[in-house]
Amino acid sequence: MPARRKVREIMVPVTSYPRVHEDASLHEVVDLLRESTPPEKGAWHGYQSVLVYDRRGALVGLLTLRGLLKLVRLRHLDRDLRVLGVSWGAYYWQRYRETRGLRVRDIMRPVRAVTVRADDTVLRAALIMLWRHFNSLPVVDDGHVVGMVRLLDVFWVLGELLEADEE
Amino acid sequence: MTGTLRVKDFMVGLEHYPTVGAGATVLEAVVALRQSFRRVGGVWYGPQLLVVLDEGGRPAGLLTLRALLHAVGIKDLCADVWFRSEAWSWYALRQLRPGSTMRVRDVMRPVDAVTVHPDDPPEEAALRMLDHGVSHLPVMAGNGVVGILRVIDLLPYIESLL
């Protein structure tokens, strides 16, 4: 019954979610995101984030599409400053050069920042996503991340509920 | 390499998106969007956007998955159910219903609110997404929408900056 659905029942198991190492290059993330979206369907969305693991295999963060998009701003800022001939433009240029070597760990969202519990209701997950403007949340059970819940998963269940209510 | 690429090279054609009429209820929109979801290997895939059409069949607005969740009143429930263990109470269910009978035209983002042109550089589009906090931009040529641009469509451009 949809009204009792728990996050555990709708989450994507952590083992099926795309993952990278925290020292991986951002190119690897781009490749992963590209592979995880079915190419034959133009408007489809699959995953909008990847999980980030450290050297010991512990889950440490989440790298989102939006996080990647923010890199465009950094590059834009740098170019504008050079065009303006601002004296400290060199400083930003240096920063930009460093950016080119950015690793996953530099722009990820720490995994412990916001999570839901596996036994939380789907509604609770929906509220957190709407409040915090996140598209995916790590699901924690007994201190371990066991899955990811996406806005798409939440929407599916809430839609089920609304449609059932209508009948 | 990507210096000469334009928005039109990244966008997804309008015909790939599910549509809903502006006069439909939010509930009907929820049904329409869910129908376009597919399950592959136990995981749901689908578009995160409905294109709203006016009476003449022209694109009038965008309705994102997130906007639909807002519209059915889920966010308004926070104060009532946030601390309850029985979050899915019948009370909550009844609260969801008024929102679901609202019309799509009352909750959609008008199509011309934030747009890009097919010949705009991808950087322009990316900055507009960041400035306006949106993940989808209608691509407008003249008065018509020719496609939709998402963050994920810009991946090849973002990669060229790395």
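## Strand S9 of chain B

Strand S1 (residues 12–13) of chain B is joined to S9(B) by two bridges, and these strands run antiparallel; strands here are DSSP runs of E with at least two residues, helices are runs of H or I with at least four, and both are numbered from the N terminus. Two strands pair if DSSP finds at least two bridges between them. Val12(B) has Ile148(B) as its bridge partner in S9(B).

This is a predicted model, in which local features need pLDDT of at least 70 and side-chain atom pairs count only at pLDDT 80 or more, while totals for chains, interfaces and linings use all residues. Residues are numbered from 1 along each chain as its sequence is written, and chains are lettered from A and ligands numbered from 1 in the order in which they are written.

Strand S8 (residues 136–141) of chain B also runs antiparallel to S9(B), joined by six bridges, and His136(B) is partnered with Arg150(B). In the hairpin of S8(B) and S9(B), two residues lie between the strands, and Gly142(B) takes a positive phi near 65°. Because five of the seven residues of S9(B) (residues 144–150) are buried, this strand is largely enclosed by the rest of the structure; a residue is buried if 20 or more other C-beta atoms, placed from the backbone, lie within 10 Å of its own, exposed if 12 or fewer, and partly exposed in between.

## A sheet in chain A

Four strands of chain A form an open sheet with mixed pairing, in the order S2-S3-S4-S5. Its edge strands, S2 (19–21) and S5 (109–110), each pair on one side only.
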